[in-house]
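This report looks at a pocket and at the helices and strands around it. The sequence and structure come first.

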Amino acid sequence: MNQSDLPTIRLLAGNGAFSISRHAYNRMLERDISIDDVEGILTSPTNQSVECQPPSTTPGKEHDDERVLLYDPCGPKDSIIVLAVLFTPTPDLRIVTVENVNEGKWERREGVPCLVRK
């Protein structure tokens with residue numbers, strides 16, 4: 001996925017085609033991130049893909065789908081959404097987790113992407 005795919009992500013989210021994993025929901029509760037915050041980041045015209053992660057076979061971190069880290073530099077919540085785009089049975093954005101930006105882990109930059117992993 002790249003920046004040109006963001007209009008599709010925004011459209012899907014705006015149509016309610018997203019779901020939140022139990023893990024993501026629990027992290028949202030721990031980190032004071034609401035469903036409205038998540039939906040705001042997903043649908044924002046200023047959101048950015050800050051990182052794409054390929055499928056992983058790393059023990060304890062296995063996943064079959066590409067994961068996208070989405071962030072809105074203009075949004076009221078300084079949070080990153082980690083999601084997978086699922087296509088079957090219908091298109092769905094599966095929220096894997098949500099985290100607040102950790103300054104020890106991310107560097108802010110001008111341009112796109114505005115966050116880069118240190």
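## A pocket and its surroundings

In this predicted model, helix α1 (residues 6-14) supplies three residues to the lining of the largest pocket, the largest share. The volume of this pocket is about 180 Å³. Its lining consists of Met 1, Asp 5, Thr 8, Ile 9, Leu 12, Asp 65, Glu 66, Val 68, Val 85, Phe 87 and Pro 91. Sorted by class, seven of the lining residues are nonpolar, one is polar and three are charged.

**Two helices**

An α-helix has 3.6 residues a turn, so residues three or four places apart point the same way. Both α1 and α2 (residues 22-30) can be read with this in mind.

The buried residues of α1 are Leu 6, Ile 9, Arg 10, Leu 12 and Ala 13. They lie on the same side of α1, because they cover an arc of only 165° around the axis. Leu 11 and Gly 14 are exposed on the other side of α1. Ile 9 and Leu 12 are buried and also line the largest pocket. Among the elements that cover the buried residues of α1 are α3 (35-43), β2 (48-53), β3 (67-71) and β4 (79-86).

In α2, Ala 24, Arg 27 and Met 28 are buried. Their directions fall within an arc of 105° when seen down the axis of α2, so they line one face of the helix. Arg 22, Leu 29 and Glu 30 are exposed on the other side of α2. Against the buried residues of α2 pack β1, α3 and β5.

**Strand β3 and its partners**

Which strands pair with β3? β2 and β3 run antiparallel and are joined by five bridges. β3 also pairs with β4 in the antiparallel sense, over five bridges. Val 68 of β3 is the bridge partner of Cys 52, and Val 68 stands opposite Leu 83 in β4. Val 68 is also one of the residues that line the largest pocket. Is β3 mostly covered or mostly open? It is mostly covered, with four of its five residues buried.

Notes. Residues are numbered from 1 along each chain as its sequence is written. This is a predicted model: local features need pLDDT of at least 70, side-chain atom pairs count only at pLDDT 80 or more; totals for chains, interfaces and linings use all residues. Side-chain values use heavy atoms; hydrogens and water are left out. On a 1 Å grid over the protein atoms alone, a cavity is a set of points where a 1.4 Å probe fits but cannot get out, and a pocket is an open set with protein on both sides within 12 Å along at least five of seven lines; lining residues have an atom within 4 Å of a point. Grid points are joined across faces, edges and corners, and a volume is the space filled by probe spheres set on the points. Helices (H or I, at least four residues) and strands (E, at least two) are DSSP runs, numbered from the N terminus. Ala, Val, Leu, Ile, Met, Phe, Trp, Tyr, Cys and Pro count as nonpolar, Asp, Glu, Lys and Arg as charged, and the others, Gly among them, as polar. Buried means under 20% relative accessible area, exposed over 50%, partly exposed in between (1.4 Å probe, protein chains only). The arc is that of the directions from the helix axis to the C-beta atoms. Contact means heavy atoms within 4.5 Å. Two strands pair if DSSP finds at least two bridges between them.
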